[in-house]
Amino acid sequence: AAIERFRASGGRPILVTGRELPDLCRTFSRLDLFERVVAENGGLLYDPATRRERVLGPASDARLVELMRSRGVSPLSVGRTIVATVEPWEQVALEGIRTLGLELQVIFNKGAVMVLPSGVNKATGLCAALDELCLSSHNVVGIGDAENDHALLDTCELSVAVANAIPTLKARADLVTAGARGAGVTELIDRLIGDPLDARLSPRRHQFALGSADGADICIEPVGHRMLISGPSGAGKSTLTNTLLEQLAAHRYQFCLVDPEGDYESFARAIRIGTSQSPPVIDEVVSALKRPDQNVIVSLTGVTKADRPAYFASLLPRVQAQRASTARPHWLVIDEAHHVLPA
């Protein structure tokens, strides 16, 4: 019911689990609640709407499976990429990996033991799901409880552990729920729906420095803040704006920069739409912003000064509509604002 409320509020739930898909389907009949399901601890991506499966790693190694069976490992489950058992059979798995010279990893989950291809985990599976949905990890809240959730939560903008999570996960999480298991998930969803701008839901681990003064960094939290950079010519406004853009790009926050005078044509970490001969086409701007990793500079050098306010008045609702559905671009930067926002 909480997940249904989350969907109704505009949320897009993704289920990330160590379970194999057939077992998951037998256990839980409502996969339709989720936009994507990451199964096998990151090894398989499933779209409940189309029932399409995409394997995200090499197949489980038949030689290792046979070796573990020959040593009496039980239970033993073999998925598309995962080989799963329980403690203390991890010793047999590790011995088999060493004996066969395989590049595999062993991941734990509260007594469960999972053998997976190197580099495959819940975080890589989540990123594959986000890529399909054209979403950014900066717009994801992750919640978990076990050893195999560390990489997942590190990838998310806000990391949450339920009350029954292992101590090391709770120590690293941005937020720990009062409730355990499903009650903790419900608690989180209701907080997100009730007040998504709650300051307690804004972690400080993402802030970055824009400069320093008196030997101390001057930092900004990239979420939930607005800046006005003002001052006389030569005061350093362009330098500060360039620093902001560089930091946003480095930390993979998407920005859209409106550039009336062509001052940012040489900025390398964004594509430029519009030239002095060709005004920027708004549809092209919106299309470019659909990619979470694409920063966009809207050059107005080809738009007359008299027409710039009207152009911006047409652009802004389209950008706002994009933000309503994806929360991107994370930053809208308006240079020389008097060109597009006159008195």
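At what angle do helix α10 and helix α11 pack, and how far apart are their axes? Select residues 282–289 for α10 and residues 308–326 for α11. They pack at an angle of about 25°, with their axes 10 Å apart.

Before going on, note that this is a predicted model: local features need pLDDT of at least 70, side-chain atom pairs count only at pLDDT 80 or more, and totals for chains, interfaces and linings use all residues. Residues are numbered from 1 along each chain as its sequence is written, and side-chain values use heavy atoms, with hydrogens and water left out.

**Stop 1: α10 and α11**

Helices (H or I, at least four residues) and strands (E, at least two) are DSSP runs, numbered from the N terminus. Axes are lines fitted to C-alpha atoms, for helices over the stretch in contact, and angles run from 0 to 180 degrees between N-to-C directions. The angle here makes α10 roughly parallel to α11.

Now show the contact residues. From α10, pick Ile282, Asp283, Val285, Val286 and Leu289. From α11, pick Tyr311, Ser314, Leu315, Arg318 and Gln322. Contact means heavy atoms within 4.5 Å.

Stay on glutamine 322. It is buried, with a relative accessible area of 9%. (Buried means under 20%, exposed over 50%, partly exposed in between, with a 1.4 Å probe and protein chains only.) Leaving aside residues up to four places away in sequence, glutamine 322 touches Val286, Leu289, Lys290, Ala327, Arg328 and Pro329.

**Stop 2: two cis bonds**

Arginine 328 and proline 329 are joined by a cis peptide bond, with omega about 0°. Proline 329 sits in the loop between α11 and β17 (331–334). Next, select serine 74 and proline 75: a cis peptide bond joins them, with omega about 0°. Proline 75 is in the loop between α3 and β5 (77–78).

**Stop 3: α3 and α4**

Select residues 62–70 for α3 and residues 90–100 for α4. Their packing angle is about 135°, and the axes are 10 Å apart. That makes α3 oblique to α4. The crossing is right-handed. Arg63, Leu64, Leu67 and Met68 of α3 meet Val92, Ala93, Gly96, Ile97 and Leu100 of α4.

**Stop 4: an aromatic pair**

The structure holds 2 aromatic pairs. For one of them, select phenylalanine 255 and phenylalanine 267: the pair is edge-to-face, 5.9 Å centre to centre, with 75° between the planes. (Rings of Phe, Tyr and Trp, its six-membered ring, pair if their centres lie within 6.5 Å; planes under 30 degrees apart count as stacked, over 60 as edge-to-face and the rest as tilted.) Phenylalanine 255 lies in strand β14 (residues 255–259) and phenylalanine 267 in the loop between β14 and β15 (271–273), so the pair ties together parts 12 residues apart in sequence. Phenylalanine 255 is buried at 0% relative accessibility. Phenylalanine 267 is buried at 8%.

**Stop 5: cysteine 134**

Select cysteine 134, in the loop between α5 (122–133) and β9 (141–144). Its phi is positive, about 55°, although it is not a glycine. Its sulfur is 14 Å from the closest cysteine sulfur, in cysteine 127, too far for a bond. The structure has 0 disulfides, a disulfide being a pair of cysteine sulfur atoms within 2.5 Å.

Definitions and conventions. Parallel < 35°, antiparallel > 145°, perpendicular 65-115°, else oblique. Left-handed = near helix turned anticlockwise from the far one by under 90°.
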